[in-house]
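Biologist: I'd like to go through this one with you before I set anything up. Could you put it on the screen?

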Amino acid sequence: MSRDPLVVGHVVGDILDPFNKSASLKVLYNNKELTNGSELKPSQVANEPRIEIAGRDMRNLYTLVMVDPDSPSPSNPTKREYLHWLVTDIPESANASYGNEVVSYENPKPTAGIHRFVFILFRQSVQQTIYAPGWRPNFNTRDFSALYNLGPPVAAVFFNCQRENGCGGRRYIR
């Protein structure tokens, strides 16, 4: 049994295929670094996070995708994957504010259950024009990666979030 939090949290499987992490991605909300499986409330993620990609070569560019694979509810994710943010051309050693925001940040506001919000980082082989999809619900990270020849992810991190006064645990229907 894998101890990788992305596997345990069903991020690998539900939205990503297994991959080898080859980049350092930091996601900071209110100057606090996100760790896989963190529990955050909507009020803590209302503003877009600071994204940092470690490295020294600003010629290396990255694409960041943020999705909710549990929309509208974990027991009935008919809008899987809901696209919350899409930024391209982020230079290594910089943060996402230096990239090209293709789809603006939409803060998480789950209404039912505990949702996973996943940040997926891809290394771009070339600088290219990436178009905003015409919708946010039913985005598909695998198809997006294939369409733009991004290859497998190089890093990913996720947090759990439920409505401000929510309670209860995650239920998986398999």
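Biologist: Let's start with the pocket lining: which element gives the most to the lining of the largest pocket?

Modeller: That is β9, which gives 3 residues to the lining of the largest pocket; please keep in mind throughout that this is a predicted model.

Biologist: And how much space lies in the largest pocket?

Modeller: The space in the largest pocket comes to about 270 Å³. It is lined by 15 residues, and those closest to its centre are L6, K21, N36, A156 and V157. The elements that give two or more residues to this lining are α1 (5-8) and β9 (155-161).

Biologist: How do the residues of the lining divide into nonpolar, polar and charged?

Modeller: There are 10 nonpolar residues in the lining of the largest pocket, together with 2 polar and 3 charged ones.

Biologist: Next, S38. Where is its place, and is S38 buried or exposed?

Modeller: S38 belongs to strand β3, which covers residues 38-40, and because its relative accessible area is 16%, below the 20% limit, S38 is classed as buried.

Biologist: What does the side chain of S38 reach?

Modeller: The side chain of S38 reaches the backbone oxygen of T35, at 2.6 Å. Once neighbours within four places in sequence are set aside, S38 is in contact with F158, F159 and N160.

Biologist: Changing topic to sheets: in what order do the strands of the open sheet come?

Modeller: The open sheet has 3 strands in the order β2-β1-β4, with antiparallel pairing. Strands β2 and β4 stand at the edges with a single partner strand each, so one side of each has no neighbour in the sheet.

Biologist: Over how many bridges do β1 and β4 pair?

Modeller: Strand β1, residues 25-29, pairs with β4 in the antiparallel sense over 4 bridges, and within that pairing V27 has I51 of β4 as its bridge partner.

Biologist: Which residues make up the covered face of β4, and which the uncovered one?

Modeller: In strand β4, which spans residues 50-53, I51 and I53 form the covered face, whereas R50 and E52 form the uncovered one.

Biologist: What about E33, over in β2: which residues is E33 in contact with?

Modeller: E33 lies in strand β2, residues 32-33, and, leaving aside neighbours within four places in sequence, E33 is in contact with K26, V27 and L28. With a relative accessibility of 45%, E33 counts as partly exposed. The C-alpha atoms of E33 and P49 are separated by 9.6 Å, although these two residues are 16 apart along the chain.

Biologist: How many residues of β6 are buried?

Modeller: Strand β6, residues 82-91, is mostly covered, with 10 of its 10 residues buried. It pairs in the antiparallel sense with β5, residues 61-68, over 7 bridges, and in that pairing the bridge partner of D68 is Y82. Strand β6 also pairs in the antiparallel sense with β7, residues 100-103, over 3 bridges, where T88 has N100 as its bridge partner.

Biologist: Last one, Y148: why does Y148 count as buried, and what does Y148 touch?

Modeller: Y148 counts as buried because its relative accessibility is 11%, which is under 20%. Its place is in the loop between α3 (141-147) and β9. Not counting residues up to four places away in sequence, Y148 touches Q128, T129, I130 and Y131. The C-alpha atoms of Y148 and Q128, which are 20 residues apart along the chain, are separated by 8.5 Å.

Methods
Residues are numbered from 1 along each chain as its sequence is written. This is a predicted model: local features need pLDDT of at least 70, side-chain atom pairs count only at pLDDT 80 or more; totals for chains, interfaces and linings use all residues. Side-chain values use heavy atoms; hydrogens and water are left out. Buried means under 20% relative accessible area, exposed over 50%, partly exposed in between (1.4 Å probe, protein chains only). Two strands pair if DSSP finds at least two bridges between them. On a 1 Å grid over the protein atoms alone, a cavity is a set of points where a 1.4 Å probe fits but cannot get out, and a pocket is an open set with protein on both sides within 12 Å along at least five of seven lines; lining residues have an atom within 4 Å of a point. Grid points are joined across faces, edges and corners, and a volume is the space filled by probe spheres set on the points. Ala, Val, Leu, Ile, Met, Phe, Trp, Tyr, Cys and Pro count as nonpolar, Asp, Glu, Lys and Arg as charged, and the others, Gly among them, as polar. A polar contact is a pair of N or O atoms within 3.5 Å; within protein, one must be able to donate a hydrogen and the other to accept it, and residues adjacent in sequence count only if both atoms are side-chain atoms. Contact means heavy atoms within 4.5 Å.
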